Amino acid sequence: MPPTVGLGFKPQHFEDAANCPAVGHWYEVHPENYMVPGGPRLAMLTTLRDRYPLSLHGVGLSLAGDAPPSVDHLGRLKALVDRFDPFVVSEHLAWSVSDEAYFPDLLPFPRTRQALTRIADNIDRTQNALGRTILIENPSLYLRLDGHELSETAFLTELTRSTGCGLLVDVNNVYVSARNMGFDAETWLDAIPGDAVGEIHLAGHVADARMGERLLIDTHGAEIAEPVWRLYERLVSRIGPRPTLIERDENIPSFKALMQERTRAAHVLACVTSNQRKAVVDA
Amino acid sequence: MRDLASFQGELARAIRDPDYNPAGFGAAGLSVYRNTVAKGLVDVLRANIPSVERIVGEDWFSACAQLFIRDHEPECPVLAAYGAAFPDFLRTFEPATQVPYLADVAQVDSLWTQSHFAPDEPPMDPAPLRAMDQDRLLGLSLPLHASTRIAWFDAPVATLWRLNRPPAPLPGRGGFSIDWRPEGIALCRPHGEVVAIPLSASQFAFLDACRAGRCFGEAVSAGPEGDTDGIGPETLGELFAASLFAVPPPTLSGRPVQ
């Protein structure tokens with residue numbers, strides 16, 4: 001059974017997580033949290049990897065920065081990839097390192113041709129160092145910047161063409177960015193080349209405390225919102241089932257509560273698969 | 001049009017400096033990035049040094065952490081060791097001097113985190129040492145286990161740390177009764193999770209000498225003069241049983257290690 005719907009692994013859920021019987025289940029972690037010499041954290045990941053497929057979802061390569069990714073950091077990532085043999089490795093279309101300072105966030109940039117060349121080179125360097133292709137995720141956006149020369153979907157599509165990388169579509173980020181930047185989320189999703197999509201993320205967001213619904217914040221701290229579910233159904237109806245992650249990093253509920261969202265996503269994927277089979281039979 | 005490098009420099013400056021709002025950056029969006037960066041670092045500090053917040057409360061800790069992160073930007077995305085400089089920061093942070101043991105409690109948290117992430121290695125089996133004749137034993141020098149960290153304090157910091165390290169229960173109405181005296185502590189992770197072991201002055205001196213590579217014969221007399229609870233066979237056995245030492249080199253079984 002290929003990976004269907006997975007969960008972001010939370011150490012406090014380890015016992016339940018390591019014994020989850022769901023078919024096609026998998027886990028995703030930020031590799032930066034496991035770049036340590038030893039200890040219980042790595043031991044837990046070893047146990048999980050013995051039982052489930054694993055995805056490494058990086059936050060530290062700063063691929064949209066104006067400098068090549070750190071050779072040291074690539075080395076640490078390669079060591080984890082070699083040790084845990086993930087079925088997918090992903091990063092973000094964002095930067096987090098500037099002049100040797102690390103900002104724990106996924107920061108934006110003007111999507112220019114110059115940036116496209118730089119970022120494609122950074123992705124090439126990463127893929128060469130790891131010996132495999134990676135997926136690139138669309139981040140949530142909060143700043144309306146001047147100077148964009150390409151739309152986000154055109155920029156991502158160009159990266160897949162020039163580097164061979166795939167895409168990780170975070171549907172919640174599409175929704176949040178669409179609301180914050182003033183574009184149409186459905187149009188965005190329809191413009192993404194389906195063949196390039198290797199993974200989908202689903203998460204919750206909240207309205208900003210001061211700005212309200214005019215500014216949505218991708219907190220990973222709430223249940224997945226209904227409009228995001230509808231966008232997810234639209235995307236997988238078009239491109240077919242893809243490994244889908246339920247992300248939760250704040251206000252972490254019980255494992256059971258996360259599994260309820262997992263079940264809903266698995267149902268969406270099963271319906272798509274069933275419809276595809278039916279279409280083949282009908283043809 | 002700004003190139004990528006100059007754009008990054010500007011946004012980095014705007015994140016660091018709340019009074020810098022470059023043209024073209026919306027204030028509301030900028031504040032989201034500023035808040036996320038600050039929250040990310042404060043959350044890591046809270047996770048790596050959890051006992052301080054327990055002592056001073058959430059508001060004081062958050063305010064103090066904001067000042068710390070401003071001057072301690074991480075250089076790398078691996079944040080497992082972030083906050084190692086926090087104990088020294090607290091030592092020079094004037095408002096923290098009202099709680100004279102605060103920096104030392106933070107230091108024990110930092111040592112716990114170091115022990116938690118230390119390389120995995122099997123602990124020493126004490127059985128061969130127990131069976132060894134004393135002269136040979138005193139000639140040995142054994143390395144500490146990779147996860148072993150030790151510290152000595154002029155106040156009951158080990159006790160204060162144990163009482164305040166989450167998830168320790170909050171004190172009842174009567175509070176805590178603490179015998180105010182110097183204390184030592186060893187932290188190690190021979191199996192699974194970190195364990196804490198209280199140390200007497202002579203036990204700390206013994207382990208400190210072992211850490212420096214001195215042989216047991218020298219280490220047992222490293223304690224303070226007039227120390228009444230010196231290192232006898234029983235105390236040594238306790239330290240061996242606590243798995244504070246690394247597996248000895250293979251030469252141990254054949255001849256004394258010099």
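## Where the two chains meet

In this predicted model, 38 residues of chain B are in contact with 37 residues of chain A; two residues count as in contact if their C-beta atoms, placed from the backbone, lie within 7 Å. On the chain B side, α1 (4–16), α2 (27–48) and α6 each supply at least two of the touching residues. The largest share, nine residues, comes from α2(B). Sorted by class, this side of chain B has 22 nonpolar, nine polar and seven charged residues. Here Ala, Val, Leu, Ile, Met, Phe, Trp, Tyr, Cys and Pro count as nonpolar, Asp, Glu, Lys and Arg as charged, and the others, Gly among them, as polar.

Residues are numbered from 1 along each chain as its sequence is written, and chains are lettered from A and ligands numbered from 1 in the order in which they are written. Local features need pLDDT of at least 70 and side-chain atom pairs count only at pLDDT 80 or more, while totals for chains, interfaces and linings use all residues.

## The barrel of chain A

Chain A holds a closed barrel of eight strands with parallel pairing, in the order β1-β2-β3-β4-β7-β8-β9-β12. Neighbouring strands of this sheet are turned by 25° against each other on average, direction ignored, with axes taken as lines fitted to C-alpha atoms. Helices (H or I, at least four residues) and strands (E, at least two) are DSSP runs, numbered from the N terminus. Two strands pair if DSSP finds at least two bridges between them.

One such pair is β1 (residues 5–8) with β2 (residues 26–29) of chain A, joined in the parallel sense over three bridges. Within this pair, A:Leu7 has A:Tyr27 of β2(A) as its bridge partner.

Helix α6 of chain A (residues 171–181) is mostly covered, with nine of its 11 residues buried. A residue is buried if 20 or more other C-beta atoms lie within 10 Å of its own, exposed if 12 or fewer, and partly exposed in between. Among the buried residues of α6(A) are A:Val171, A:Asn172 and A:Tyr175. The buried residues of this helix pack against β8 (166–170), α7 (185–191), β9 (197–202), β11 (212–217) and α8 (226–239) of chain A. Just after α6(A) comes A:Gly182, with a positive phi of about 80°.

A nonpolar core is a set of buried Ala, Val, Leu, Ile, Met, Phe, Trp, Tyr and Cys residues joined through C-beta atoms within 7 Å. Of the 134 residues in the largest one, A:Ile136, A:Val171 and A:Leu202 touch the most other members. The largest share of this core, eight residues, comes from helix α6 (residues 102–117) of chain B. Domain 1 and domain 2 of chain B both give residues to the core, so it lies between them.

## The two domains of chain B

Chain B is divided into domain 1 (1–99) and domain 2 (101–169 + 177–258), with bounds from an automatic or database domain assignment. Their centres, taken over C-alpha atoms, are separated by 35 Å. The contact takes 17 residues from domain 1 and 14 residues from domain 2. On the domain 1 side, α3 (50–56) and α5 (86–92) of chain B give two or more residues each.

Strand β1 of chain B (residues 149–153) has four of its five residues buried. β1(B) pairs with β2 (residues 183–188) of chain B in the antiparallel sense over five bridges, and B:Ala151 has B:Ile185 as its bridge partner.

Methods
Axes are lines fitted to C-alpha atoms, for helices over the stretch in contact, and angles run from 0 to 180 degrees between N-to-C directions.
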